[in-house]
Amino acid sequence: MSCQYSLLFLFLCGFAALTVAEICKTELLEGTSCTLKLPTTNTDKSSEIKWVHTSSNAVILRKNNKNRSNTPGLTLEDDGSLTFESVSLKNTGKYAYAVFNSDGTLIGAGEKEINVYAKAPKPTVKIDCKGADVTLTCDIRDRTDLTVSWYKDNTIQTEKKTKLLLTSAHIQENKPYSCSVSNPVSNEQSGIVTVSCTGTTGDGSGPRKLFGFDLWIMVSILAGGGALLLMLICVLIICACRSCKKQKKHEQDEEELRLRVFQDEAHTGTARSKHTARGQPAPPIPQEDTTPQTPTQTQTQPKAQTRSRPPPPPEDDEENPPPLPRPRNKQHRKRHEEPYRPME
């Protein structure tokens, strides 16, 4: 029984040793713990072993059975192997080793290379509608170490770029699309999206665009501009209507004034105005003499008095000129009445 327990203990110890002593591969995921094996067999404990990172100043050295390192996270095993507690992106590169015996003679040298990669992020597909065409973008967050692949209805496409252009024929097919990103140590795939320009992007958020701006903002701007233009047109129409009404009322007032003047003249009959058209006093109307005159009788007529010069005519009122005198009707004049003669 004791022998069986001893064998089981040795087996478990050997399995644990194999698990801990994982050999570093060429491509490593960030955070992995592994060991770079020293190819040269070292049986002399007093020999010198040196590891140097060619991309940095990291040096791990064993001399006189004492280990020295200027980089945390790197340790030197008993057999001269180099162990990484947790590899990072800065550990990428070549590591040169050299082994010397107790006499200082070089008995082995070489290089080992490792490449460390970060885990691939989960991508998202964004939809950008431009006219009849649609552009799908696989968002990889500025990562340059990733390879992009596109899938249409779970069928891989030949396009390997981050942007995929779809024509109207592809959109009418109404097929689901997705993208995946990968590097030598990891891969991730996006969610499946159906191409449509109904106002959402691949990640389920984002407004629709109109002329490169948000759709609702542009609609608000256009609606406000249309309302302002309509208001301006209404104001202009109202002003024009009021102006027309005022002009029509002014014309009606002038017409009523003219009719009133004509009516007044019709009521007065043959009454004459006190002034002529030029503003001068009108001459008096001669009185009819009913006494018979003897042609042979000589009548002594008094000397006509010298009339004073009439006052200057008043200035005409351009806005409301006095009505012109109407000519006398000759039919009302008696036959024996002489025509009017101005006094000398």
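Visitor: What makes aspartate 103 count as exposed?

Guide: Exposed means over 50% relative accessible area, buried means under 20%, and partly exposed lies in between, taken with a 1.4 Å probe and protein chains only. Aspartate 103 has 67% relative accessibility, so it counts as exposed. This is a predicted model, in which local features need pLDDT of at least 70 and side-chain atom pairs count only at pLDDT 80 or more, while totals for chains, interfaces and linings use all residues. Residues are numbered from 1 along each chain as its sequence is written, and side-chain values use heavy atoms, with hydrogens and water left out.

Visitor: Where is aspartate 103 found?

Guide: Aspartate 103 sits in the loop between β8 (93-100) and β9 (106-117). Strands are DSSP runs of E with at least two residues, helices are runs of H or I with at least four, and both are numbered from the N terminus. The C-alpha atom of aspartate 103 is 8.2 Å from that of serine 47, although the two residues are 56 apart along the chain.

Visitor: How do you know that cysteine 24 and cysteine 34 form a disulfide?

Guide: A disulfide is a pair of cysteine sulfur atoms within 2.5 Å. The sulfur atoms of cysteine 24 and cysteine 34 are 1.9 Å apart, and the pair forms a disulfide. Cysteine 24 lies in the loop between α1 (2-20) and β1 (27-29) and cysteine 34 in strand β2, so the link ties together parts ten residues apart in sequence. The link is right-handed, with 95° about the S-S bond. Cysteine 24 and cysteine 34 are buried.

Visitor: How many disulfides does the rule give?

Guide: The count comes to two disulfides. Cysteine 138 and cysteine 179 also form one, with their sulfur atoms 2.1 Å apart. This pair joins distant parts of the chain, 41 residues apart: cysteine 138 is in strand β11 (residues 133-139) and cysteine 179 in strand β15 (residues 176-183). Both of these cysteines are buried.

Visitor: What makes a set of residues a nonpolar core?

Guide: Its members are buried Ala, Val, Leu, Ile, Met, Phe, Trp, Tyr and Cys residues joined through side-chain atoms within 4.5 Å. The largest such core has 18 residues, and those touching the most other members are Cys24, Leu36, Trp51, Leu82, Phe84, Tyr95 and Ile114. Strand β8 gives the largest share of this core, three residues. A second, separate core of 17 residues includes Cys138, Val148, Cys179 and Val193.

Visitor: Which residues does tyrosine 95 touch?

Guide: Contact means heavy atoms within 4.5 Å. Leaving out residues up to four places away in sequence, tyrosine 95 touches Leu36, Trp51, Val52, His53, Leu82, Phe84, Gly110, Glu111, Lys112 and Ile114.

Visitor: Why is leucine 232 called partly exposed?

Guide: Leucine 232 has 48% relative accessibility, so it counts as partly exposed. Its place is in helix α3 (residues 215-268).
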